Amino acid sequence: MSAIDSLPPLREVIAEHQLSARKSLGQNFLLDLNLTAKIARQAGDLSECDVLEIGPGPGGLTRGLLSEGARRVLAIEKDQRCLPALAEIAQAYPGQLEVINGDALEIDPLSHLTPPIRVAANLPYNVGTELLVRWLTPKEWPPFWQSLTLMFQREVAERIVAQPGSKVYGRLAILAQWRAEAKIVLSLPPGAFTPPPKVSSAVVHLNALPEPRFPADAKTLSHVVAAAFNQRRKMLRAALKSVSPDIEDHLKAAGIPPTERAEQVSLEAFCALARSLKPLD
Ligand code: SAM
């Protein structure tokens, strides 16, 4: 019998440990182990990797990651009630699962991980976007992770992979696509979760590129893009006035018509604009 077969079904685990889902913690659990294995497979070859999982809950995806051959999983879970269920999984996979009880926004997991590292998570949505932005904006590139495989609300997933001209193209798309390859690899209806959320979800897989797609200073790019999309309906010469008094000249130097709106500007052109401006300290 394989390790995963020795564990009780997740519905039993939830009943036994009284893990009634808490809205405040964004708890929508995946109980179908075929599905969690499928998500784990989207993360790539895990056999040589440590996997960082945020929000394992009762451990559906954790089981998927381990059964798909992860070398080690480090799981950070805020809800103490989930710890006994996760301890059962750790017992079935000796030495392969470490669980930290705490808030992923406050814990630095790096001292617990050995590269190469992949990240996989079915996260509460608010925490997910914040962590994604942090993972995409480290001081140094390449980052600590090789890939991120993350569940989001479908609408957020679409913002991550959006292209110019799309209504959802914005800062998240630029941040994600500048230094990573991002694609939606799986779509899930609300009914895949217990309890079902109000909206559909999607898994996004991001592979870190060895270096940025186009050269630019990270802070300047981030500043320009935030300003441009903050007033996305305005022409860029107006939306970016606060960035530089000579913004029209910089836009022209980057090959961007000053009357263009942020939604139409490619990643490459935003990088050219960031290069034309003085780097921020
Ligand atoms: N991964 C499990 C699954 O797929 O069934 C649970 C997913 S549920 C959407 C999100 C999980 O993240 C919950 O277990 C919740 O307790 C946990 N969580 C919420 N906020 C967190 C935080 N700040 N740090 C770590 N875990 C958190």
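Trainee: Where in the chain is Asn28 placed?
Mentor: Keep in mind that we are looking at a predicted model. To place a residue, look for the elements on either side of it. For Asn28 these are α1 (10-16) and β1 (29-30), and its place is in the loop between α1 and β1.

Trainee: Which backbone oxygen does the side chain of Asn28 reach?
Mentor: Start with the neighbours: leaving out residues up to four places away in sequence, Asn28 touches Asn122, Phe193, Thr194, Pro195, Pro196 and Pro197. From among these, the side chain of Asn28 comes to 2.9 Å from the backbone oxygen of Pro195.

Trainee: What is phi of Gln18, in the loop between α1 and β1?
Mentor: Most residues other than glycine have a negative phi. Gln18, found in the loop between α1 and β1, is not a glycine, yet its phi is positive, near 50 degrees.

Trainee: Which residue is joined to Pro116 by a cis peptide bond?
Mentor: Most peptide bonds are trans. Pro116 sits in the loop between β4 (97-101) and β5 (117-122). Here omega is about -5 degrees, and the cis bond joins Pro116 to Pro115.

Trainee: What is omega for the cis bond from Trp141 to Pro142?
Mentor: First find Pro142, in the loop between α5 (125-136) and β6 (147-153). The peptide bond that runs from Trp141 to Pro142 is cis, and its omega is near 5 degrees.

Trainee: How many residues apart in sequence are the parts tied together by Arg71 and Asp50?
Mentor: The structure holds 10 salt bridges, and one of them is formed by the side chains of Arg71 and Asp50, at 3.0 Å from N to O. Arg71 lies in the loop between α3 (60-67) and β3 (72-77), while Asp50 lies in strand β2 (residues 50-54), so the pair ties together parts whose separation in sequence is 21 residues.

Trainee: How far apart are the C-alpha centres of domain 1 and domain 2?
Mentor: The chain is divided into domain 1 (10-208) and domain 2 (218-277). Their contact takes 12 residues from domain 1 and 15 residues from domain 2. Between the C-alpha centres of the two domains, the distance is 33 Å.

Trainee: Which residues of domain 1 lose the most area to domain 2?
Mentor: The size of an interface is often given as the accessible area lost when the parts come together. Between domain 1 and domain 2 about 1000 Å² is buried, and carbon and sulfur atoms give 67% of that. Of what the domain 1 side buries, 50% comes from three residues together, and these are Tyr169, Ile174 and Trp178.

Trainee: How many residue pairs are in polar contact between domain 1 and domain 2?
Mentor: The side of domain 1 that touches domain 2 has 5 nonpolar, 4 polar and 3 charged residues. Between the two domains the count of salt bridges is 0. For residue pairs in polar contact, the count is 5.

Trainee: What kind of aromatic pair do Tyr169 and Phe229 form?
Mentor: A search of the whole structure gives 3 aromatic pairs. In this one, Tyr169 is in the loop between α6 (154-161) and α7 (171-179) and Phe229 is in helix α8 (residues 218-230), 60 residues apart. The ring centres are 5.7 Å apart and the planes make 85 degrees, over the 60 that is the cut-off. The name for this pair is edge-to-face.

Conventions:
Residues are numbered from 1 along each chain as its sequence is written. This is a predicted model: local features need pLDDT of at least 70, side-chain atom pairs count only at pLDDT 80 or more; totals for chains, interfaces and linings use all residues. Side-chain values use heavy atoms; hydrogens and water are left out. Domain bounds come from an automatic or database domain assignment. Contact means heavy atoms within 4.5 Å. Buried area is the accessible area (1.4 Å probe) that two parts lose on being put together, summed over both. A salt bridge is a side-chain nitrogen of Lys or Arg within 4 Å of a carboxyl oxygen of Asp or Glu. A polar contact is a pair of N or O atoms within 3.5 Å; within protein, one must be able to donate a hydrogen and the other to accept it, and residues adjacent in sequence count only if both atoms are side-chain atoms. Ala, Val, Leu, Ile, Met, Phe, Trp, Tyr, Cys and Pro count as nonpolar, Asp, Glu, Lys and Arg as charged, and the others, Gly among them, as polar. Rings of Phe, Tyr and Trp (its six-membered ring) pair if their centres lie within 6.5 Å; planes under 30 degrees apart count as stacked, over 60 as edge-to-face and the rest as tilted. Helices (H or I, at least four residues) and strands (E, at least two) are DSSP runs, numbered from the N terminus.
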